[in-house]
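Here is a friendly tour of one model, with stops at its rings, its charges, a pocket and a few backbone details. Have your viewer ready and follow along.

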Amino acid sequence: MAASKLQIAERDPLDPLVGRYPLVEGDPSFAEVTDAVARPIEQPPKAWWIFFLLSLALLGIFGLSVGYLFWEGTGVWGLNIPVGWGWAIVNFVFWVGIGHAGTLISAILFLFRQKWRTSINRAAEAMTIFAVICALSFPTIHVGRVWLIYWPLPLPNQMGVWPNFRSPLLWDVFAVSTYFTVSLLFWYVGLIPDIATMRDRAKSRVAKLAYGAFALGWRGSHRHWVNYESAYLLLAAMATPLVLSVHSIVSFDFAVSQLPGWHTTIFPPYFVAGAIFSGFGMVLTLMIPLRKWFALEHIITTKHLENMAKIILLTGSLVGYAYAMEFFIAWYSGNPYEAFVFVNRAFGDYAWAYWIMVSCNVITPQFIWFKKIRRSATALFILSIFVNIGMWFERFVIVATSLHHDFLPSSWDYFSPTIWDWGTLVGSFGLFFTLFALFVRYLPMIAISEIKGVMAKADPHHPSYHGGEAQPAQGPQLEAVEGGGAASTEPSEPTEAKPEVKESEPSAGEDEAKEAKASAEQEGGSEAAQAEAVPETRDEPASSGADEGKTEEQPEAAAAPKVEAPKVEAPKVEAPKVEAPKVEAPQVEAPKTEAPKAPTTRGWTAFMDASEMGIEPPKVSPKAAEPETESSSSETPDEEGDKDA
């Protein structure tokens, strides 16, 4: 937890990156992020095996309960005449709601450019798919004779039986199947770059073939990324309306009926808010233990948990408002049957279930107002358990309390679940956890490519873009080498550069004097000596461009810098006096030699440095250009400068 206690700098109104909690703590490298996410796949910890075996045990209970149901029929459940919909429909609505958080995190937050979603979107998307699989299993098994499930499908048959398209149950088939298809495509498209990463890291032949087949030939080229981002954006736009439509259609199972307690127009928004509320609760329930077991606290940070807790607080408040509005509508409508249902919910036979629902869904989330609670992983994990319990009881209260007291008192009855009801409920969690455990074992639970994109190293405008090192030490060094940032560096750095200039200038003058003597004796040897002298003359203005700009202004103000004046003028005047007539006149290649280029190069470099320093260039260039025009060169200094450039 040391990484979570990083000191955050004060917020900068000009730079929004300063003063925020980092999305990835500890400043890891890209390779370290890949290793951390791939470690559960390559080396699963013992905690995963324990979790997987427990999930398999619960899945076995589900298989046993469903098998006995098929053998005996729906009579093994606690159904009776008024309560024809029991826990099967309660579980169906519960699991559809669990799957809403994944699409919200992946699609809607992606469209709103919320970068904190990158650490949790992959697991939330997988959770959506597995929750929908669990949800679809209950309408399938609650029909009784499952082997005739094809009858509700719009298939031509000899009996002339055709589905009733006005039934909301058939609307559920189209809505949930569409939601499942789009969510599966959305999840798979986002997985392709990471599957290619696992393909490249795989060691066994079977793993390479499996990952390679699902990677679809991904190579990470520019064209691949362009197509990937376009497809991901389109699928996000398609999935966003489904967040609102799917659970609204599920609510129509109740809202379009004439039964008191169900016949209300507040159900669609009420169900959508409850679905997001329960979905984020399940995300917290899964991610908090996994980040601890797999050592991913630096990627799934406390800030991510806090953001999800805030959404739970918002949606929990909306659900509480819906509870209050139900009572207000029942009173304001003046319908005695409607009023009786809600009074019976709060004070009747199922009052215990109603107040469990209210306490878990309305009272418990209010603790998130306290910062210590919403930034505590343990507190949020306990709170998420209560959220899941409360949302299941909400669906149970809606179904059971509206049905068990019919219009006639002679039809009243009390619904009591049997052991097979409990078996199917607990077993559905086994199916969900088993699928999620297999996902964590064989696929990256965090989007590697997306999490790298929100790191500081991936942002070219961030101070730590260059290798993640401290920039205050690098910046002045780069500016000193380039010679253009002397004004922005600290005072100690120009003083370190000055001795280098003073030491190099006398040595340059001595070399030029020796070259002048050598050129008078041997014409051929002068070219070799000049080749050695030219690099030194080029290095002087590059390292002391700012100093030369200063020496041109100082002689006018005071006579003190007399020593620096000959340092600049000596090599400019002596070189053309001796070398220009002897080399250029008899030889055709004289203009190509480097001896006359030395003063022009110095003048050109000084001209460039002077222009960057804001000094007028004529102060430097004419002095160096006059000797050359008087010599035998027919080219102007500008033309020679253009050639040198």
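## Aromatic pairs

Rings of Phe, Tyr and Trp, the last taken by its six-membered ring, are paired here if their centres lie within 6.5 Å. Keep in mind that the model is predicted. By this rule the structure holds 49 aromatic pairs. One of them joins Trp85 and Trp262, which are stacked with 5.9 Å from centre to centre and 25° between the planes. This pair brings together distant parts of the chain, as the two residues are 177 residues apart. Trp85 belongs to the loop between helix H2 (46–72) and H3, while Trp262 belongs to the loop between helix H8 (222–255) and helix H9 (267–293).

How do the partners compare in exposure? Trp85 has 21% relative accessibility, so Trp85 counts as partly exposed. Trp262 has 6%, which puts Trp262 among the buried residues, because buried means under 20% relative accessible area.

## A second stacked pair and a cluster

Phe165 and Phe174 give another pair to look at: their ring centres are 6.5 Å apart and their planes meet at 25°, so this pair is stacked too. Phe165 is partly exposed at 40% relative accessibility, and Phe174 is also partly exposed, with a relative accessible area of 42%.

Ring pairs also build a cluster. Its members are Trp87, Tyr350, Trp352, Trp392, Phe393, Phe396, Tyr414, Phe415 and Trp422.

## Arg441 and two rings

Which rings does the charged end of Arg441 sit over? One is the ring of Trp48, with the charged end 6.0 Å from the ring centre. The other is the ring of Tyr442, where Arg441 lies over the face at 4.9 Å from the ring centre.

## The second largest pocket

H6 gives the largest share, with 6 residues. Sorted by class, the lining of this pocket has 14 nonpolar residues, 5 polar ones and 2 charged ones.

## Cysteines

A disulfide is a covalent bond between the sulfur atoms of two cysteines. How many disulfides does a search of the whole structure find? The count is 0.

## Positive phi angles

Most residues other than glycine have a negative phi. Against that background, Arg113 stands out with a positive phi near 55°. Arg113 is found in the loop between helix H4 (100–111) and H5. Is Arg113 buried or exposed? Its relative accessible area is 56%, so Arg113 is exposed, given that exposed means over 50%.

Ala295 is another residue that is not a glycine and yet has a positive phi, about 55°. Its place is the loop between H9 and helix H10 (302–333). With a relative accessible area of 41%, Ala295 is partly exposed.

Technical notes. Residues are numbered from 1 along each chain as its sequence is written. This is a predicted model: local features need pLDDT of at least 70, side-chain atom pairs count only at pLDDT 80 or more; totals for chains, interfaces and linings use all residues. Side-chain values use heavy atoms; hydrogens and water are left out. Helices (H or I, at least four residues) and strands (E, at least two) are DSSP runs, numbered from the N terminus. Ala, Val, Leu, Ile, Met, Phe, Trp, Tyr, Cys and Pro count as nonpolar, Asp, Glu, Lys and Arg as charged, and the others, Gly among them, as polar. Rings of Phe, Tyr and Trp (its six-membered ring) pair if their centres lie within 6.5 Å; planes under 30 degrees apart count as stacked, over 60 as edge-to-face and the rest as tilted. Buried means under 20% relative accessible area, exposed over 50%, partly exposed in between (1.4 Å probe, protein chains only). A charge sits over a ring if NZ of Lys or CZ of Arg is within 6 Å of the ring centre and within 35 degrees of the ring normal. A disulfide is a pair of cysteine sulfur atoms within 2.5 Å.
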